Amino acid sequence: MAVPELTRFTLDNGLRVVLAPDDTAPVVAVSVHYDVGFRSEPEGRTGFAHLFEHLMFQGSESLEKLAHFRHVQSSGGSFNGSTHPDYTDYYEVLPAAALERALFLEADRMRAPKLTQENLANQIDVVKEEIRLNVLNRPYGGFPWILLPPVLYSTFPNAHNGYGGFEDLEQATLDDCAAFFDTYYAPSNAVLTVAGDFTVDRARELIEKHFGDVQFRPRPERPSFFEPHPVGELRGEHTDPHAPLPALGVGYRMPDPINDLDGYLANLVLAGVLTDGDGSRLQQRLVHREPLVVDLNAGAGLFGPFEARDPDTFTVTAIHPPDVSTERVLGALDEELEKLASTPPDAQELTRVTARWAAGLHQEHDQLLSRTLGFGSFELLYSDAALVSTLADRMAAITAEDVSAAAKALRPDSRAVLVVKPEGGK
């Protein structure tokens with residue numbers, strides 16, 4: 001992917017701005033990334049970052065409830081938001097002529113969202129229903145992203161349930177909301193990204209007009225979420241009332257995504273060597289030759305790569321028949337990792353994985369929204385939006401020896417193993 005012509009600047013109130021003009025289609029995308037995710041939410045308020053994301057759509061001091069929805073949809077646009085471990089994002093995609101509308105809407109809620117008891121109570125109920133739908137009443141709900149961290153990690157930021165517990169959600173107050181907004185939703189703690197069909201001068205003028213008077217508040221100091229690697233294997237067990245088959249989740253600590261990006265990328269390539277496609281190591285052994293599992297996956301990050309600072313997690317998940325033991329699956333995994341640690345993958349195997357990754361990245365960032373969100377998140381996490389466009393080349397530079405070293409680091413004596421059992425199963 002060609003490195004785009006990006007314009008980056010910072011407003012007097014601390015808001016960082018990334019502009020990525022592209023006149024190939026008469027469309028614009030606007031995103032705002034705030035440097036707060038569920039790892040920053042207060043202890044005793046699990047799920048609060050996600051709850052607050054919902055509240056940001058409930059009107060502002062200038063606009064009534066649902067006005068944001070109406071203004072975007074009446075322009076033929078779409079919008080949404082999402083909460084991640086270390087950031088929360090909001091976006092709109094609109095016809096190019098509606099750029100000012102999107103900027104006004106984001107600046108308006110950055111200035112003062114409508115925090116009322118009615119909105120809070122309503123959105124607590126909405127989030128609880130979302131948890132019922134996506135976690136409590138779904139087979140393998142929360143597997144592995146909710147269930148594996150408390151086995152691998154010991155500190156509240158890294159181990160707790162980012163979706164939230166009902167009791168914590170119900171105890172959230174308006175004072176909690178105001179404090180969270182004042183602390184984390186300052187312009188100095190955010191990145192605004194605009195991509196699509198516009199001129200830099202016009203976009204800059206509109207951004208100054210709508211965001212320039214948002215009150216400055218100091219950027220909060222982000223604490224380190226570091227904790228030591230586990231010493232010895234950690235085990236946990238969960239009974240799932242809806243799961244038809246047992247499942248296994250294995251978690252390992254990864255290299256620092258920010259300060260050791262190449263080591264992190266080697267883990268991404270390793271995940272592809274293990275489970276990407278029918279020709280991958282674990283697919284061949286555990287699905288086709290033996291077979292031991294009915295579903296298998298490996299990946300970097302509990303939500304995917306590039307969504308968290310250190311620490312981040314390499315995961316291997318498998319769903320297997322009841323007559324296959326946990327130890328048998330783990331034994332096969334360990335043997336394949338040992339083979340990779342002692343004998344690096346050959347050039348053909350490595351090229352197959354990196355070519356797939358490159359093709360996937362190009363396909364993903366060919367979409368305006370994905371490109372916009374990538375620029376915003378990389379500017380926030382790495383202070384380098386343009387890094388998005390060089391990832392494929394950096395991944396292609398990962399060597400077989402790098403992959404072998406990554407496999408060697410995934411040790412049985414420094415991992416978490418989560419066993420998911422069907423209710424009533426053995």
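Buried means under 20% relative accessible area, exposed over 50%, and partly exposed in between, with a 1.4 Å probe and protein chains only. The model is predicted, so local features need pLDDT of at least 70 and side-chain atom pairs count only at pLDDT 80 or more, while totals for chains, interfaces and linings use all residues. Residues are numbered from 1 along each chain as its sequence is written, and side-chain values use heavy atoms, with hydrogens and water left out.

**Stop 1: strand 8**

Select residues 247-253, which are strand 8. Helices (H or I, at least four residues) and strands (E, at least two) are DSSP runs, numbered from the N terminus. Ala247, Gly249, Gly251 and Arg253 point one way, Leu248, Val250 and Tyr252 point the other way, and all are buried. In a regular strand the side chains alternate between the two faces of the sheet.

Tyrosine 252 has phenylalanine 314 as its bridge partner in strand 10. Strand 11, residues 415-422, also runs antiparallel to strand 8, joined by six bridges. There, valine 419 stands opposite leucine 248.

**Stop 2**

Valine 17 has leucine 192 of strand 6 as its bridge partner.

**Stop 3: helix 1**

Which residues of helix 1 are buried? Select Phe48, Ala49, His50, Leu51, Phe52, Glu53, His54 and Leu55 to see them. These are eight of eight residues, so helix 1 is largely enclosed by the rest of the structure. Its cover includes strand 4 (78-83), strand 5 (88-95), helix 4 (117-136), helix 7 (166-170) and helix 8 (174-184).

**Stop 4: helices 3 and 9**

Select residues 99-111 (helix 3) and 200-211 (helix 9), whose axes come within 9 Å and cross at roughly 30°. Axes are lines fitted to C-alpha atoms, for helices over the stretch in contact (heavy atoms within 4.5 Å), and angles run from 0 to 180 degrees between N-to-C directions. Residues making the contact include Leu103, Phe104 and Met110 of helix 3 and Leu206, Ile207 and Phe211 of helix 9.

Terms used
Two strands pair if DSSP finds at least two bridges between them.
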